[in-house]
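Please find below a colleague's note on the attached model.

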Amino acid sequence: MKSIKTFAAVVALTILPFASFAQSITATDTTIDGAEAQIAAQAHKVGASYKVTEANFNNGVHMTAELTK
């Protein structure tokens, strides 16, 4: 029983740092490069990396990304 509790605690402590910071951000521009540059600048400002999760092209570009530390 003790080993199960220890295993559960190790798993919880391993997952916790990854779940502690996740933020969605958006940017709009006339080009894909411009929107991604805005996303990159926002990520750099908070010291995070980013992953583009969505991009729409309707008379311009609307891009959403998730920041992770």
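1. The side chains of threonine 64 and glutamate 54 form a polar contact at 2.6 Å. A polar contact is a pair of N or O atoms within 3.5 Å; within protein, one must be able to donate a hydrogen and the other to accept it, and residues adjacent in sequence count only if both atoms are side-chain atoms.

2. This is a predicted model, in which local features need pLDDT of at least 70, side-chain atom pairs count only at pLDDT 80 or more, and totals for chains, interfaces and linings use all residues. Residues are numbered from 1 along each chain as its sequence is written, and side-chain values use heavy atoms, with hydrogens and water left out.

3. Threonine 64 belongs to strand E3 (residues 61-68); strands (E, at least two residues) and helices (H or I, at least four) are DSSP runs, numbered from the N terminus. At 13% relative accessibility, threonine 64 is buried (buried is under 20% relative accessible area, exposed over 50%, partly exposed in between; 1.4 Å probe, protein chains only). Leaving aside residues up to four places away in sequence, threonine 64 touches Ile25, Thr26, Lys51, Val52, Thr53 and Glu54, contact meaning heavy atoms within 4.5 Å.

4. Serine 24, in strand E1 (residues 22-29), is exposed, with a relative accessible area of 57%. Beyond residues up to four places away in sequence, serine 24 touches Ala65 and Glu66.

5. The buried residues of helix H2 are Gly34, Ala35, Ile39 and Ala43. These buried residues pack against E1, strand E2 (49-57) and E3. After H2 comes glycine 47, with a positive phi near 70°.
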